[in-house]
Structure formats: structure tokens, C-alpha cells
Amino acid sequence: MLKSRNLSGMCLGAAASLTIGVLAAEPALADTVVHLPGAELVKTLSDGTVVTVRIAGESVNINPSLGSTPVHRNAWVSGTAQVELAGTGADAGGVVLPGYTVGCQVNIAGGGAGAGVEAASDWEGNASAGATTAGELSLGPGQAKSFYILDREKADDFGNESHKAYNVFSGRSGSVAWSDQTIGLTGCGGYAQARSFVSVEVVTESVTSWVTVWGQPFSLG
């Protein structure tokens, strides 16, 4: 009986050690926070108006896997868009449209973030050029899409609900801030990247112009 009790104690001890070893071997799926350097672009329009557009305070919180599969990614992005006007049309004001471009197994680091994916809008803020106002994307290899992060609800001229992707500013400066906006990506089995952009439209007495600054690309895993 004594030998049997000792053997039982040894088995329990071995089982406990095995359980601890298994738990220790499981990886910790922690989020990764990345602080990005931002960007700045200064452009002088044909009438002498100087437009400065910045992306500041940009960061991304990357989740290793949404749905625990390699084809799912999830991230939360934050940042601030800043616009300053100087020169001839310094009091013109304008509209600001911040957003992100997401690519699956495609290089989005070049100028314009790749053909056909640079987001644009008309003066009414209606998304065009492939851009949407949602951060939930489904992409296959070689695909890229852009989306705006603002979704301002306002009534149109007939009292119907409408959604705009821009923020209007007046005078010499304006800004837009966003916090923990979601980028959800499904369907991409390879590497995925994203990068921010801020487009600004300025209308002076003699010129209408778009200025777009791009942030640094970052990996979604």
C-alpha cells in the first residue's frame, strides 16, 4: 500500500508538471502598438496660395489575428490631420478627408499608393475612385482599397439623411482627429499593409486644387 501511494503521488506530480509545460508553450497573442512618424506636404498653388497638410500623432494598435486564422487582420488607428493656408488665398478654407489605403500582397509604398486606389471625393464629400467609408475590407492577393474614416451624418436639401466623409474648415487652418478607428481585413492569406492619407480641397477666387499627403506604410501582419 505504501508503494502504491508513492506511485500515485509521483503520477500526480508528473501530470501537474506536464500541464504547466503545455500552458507555458502557448504563445501570448498580445496586441502590438506602433507609433508612426507622420508626414507633411507643402504645396504652392498657381495663384500663390500655400497649402500645408500634416499627419501628426499617428499610431496603430495591431491585433495578431481576428478569428484566429491567417486570413484575418484587425487594427485600430489613431491620428490627427492638420491644414494651414498662407499667401494669396489664406482665408479660403476648405475640406479635409482623412482615410487609409489597405493592400494585400501589393506594394503600397510608392507615390499615390498604387494605381487606382488613391481616394478622392467631390466637393459634396461623396466617395469616388474606389474609396468607401467603411474600414471592413475583403481583399485577395494583389488588391488594394481605400476608405475614408469620417462618416458625418447630416440632412440634405430635402431633409433626407446623408453621410459625408469630409470635415469643413474656414479661414487659415483646420484639423480633424480620429481615435481607435477600425481596420478589419479578411481574405488576405499573405502579407498585408496599410497607410494613411489626408486629402484637402481648397477653393480660392482663381483656383480649385486637391492636395494629398501620405503617411508611412505599416504592416498588418
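Residues are described here as buried when their relative accessible area is under 20%, as exposed when it is over 50%, and as partly exposed in between, with a 1.4 Å probe and protein chains only. The structure is a predicted model, in which local features need a pLDDT of at least 70 and side-chain atom pairs count only at pLDDT 80 or more, whereas totals for chains, interfaces and linings use all residues. Residues are numbered from 1 along each chain as its sequence is written, and side-chain values use heavy atoms, with hydrogens and water left out.

Aromatic contacts are considered at the outset. Rings of Phe, Tyr and Trp (for Trp, the six-membered ring) were taken to pair if their centres lie within 6.5 Å, planes under 30 degrees apart counting as stacked, those over 60 as edge-to-face and the rest as tilted. A search of the whole structure on this basis returns 5 aromatic pairs. One of them joins Y100 and W178, whose ring centres are 6.4 Å apart and whose planes stand at 85 degrees, so that the pair is edge-to-face. Y100 belongs to strand β5 and W178 to strand β14, and the pair thus links distant parts of the chain, 78 residues apart; strands are DSSP runs (E, at least two residues) numbered from the N terminus. Both partners are buried, Y100 with a relative accessible area of 0% and W178 with one of 6%. Y100 also forms an edge-to-face pair with F218, at 6.4 Å centre to centre and with 75 degrees between the planes. Here strand β5 is linked to strand β17 (residues 218-219), which holds F218, across 118 residues, and F218 is itself buried, at 5% relative accessible area. Ring pairs link Y100, W178 and F218, together with F147, into a cluster.

With a disulfide defined as a pair of cysteine sulfur atoms within 2.5 Å, the search of the whole structure finds 1 disulfide, formed by C104 and C188 with their sulfur atoms 2.1 Å apart. The link is right-handed, with 90 degrees about the S-S bond. Because C104 lies in strand β5 and C188 in the loop between β14 and β15 (192-203), the pair ties together parts that are 84 residues apart in sequence. C104 is buried, with a relative accessible area of 0%, and C188 likewise counts as buried at 0%.

Charged side chains were examined in turn. A salt bridge requires a side-chain nitrogen of Lys or Arg within 4 Å of a carboxyl oxygen of Asp or Glu, and the structure as a whole contains 3 salt bridges. R54 meets E40 at 2.7 Å, N to O, a pair that links strand β3 (residues 50-63), where R54 lies, to strand β2 (residues 39-44), where E40 lies, 14 residues apart. R54 also meets E84, at 3.1 Å, N to O; since E84 lies in strand β4 (residues 72-86) and R54 in strand β3, this pair ties together parts that are 30 residues apart in sequence. E40, R54 and E84 are accordingly linked in a network of salt bridges, and E84 is partly exposed, with a relative accessible area of 38%.

A further salt bridge joins the side chains of D91 and R172, at 3.1 Å, N to O. D91 lies in the loop between β4 and β5 (94-104) and R172 in the loop between β13 (167-169) and β14 (173-186), so this pair ties together parts that are 81 residues apart in sequence. D91 is exposed, with a relative accessible area of 54%, whereas R172, at 47%, counts as partly exposed.

Terms used:
Helix = DSSP H or I, 4+ residues; strand = E, 2+ residues; numbered from the N terminus.
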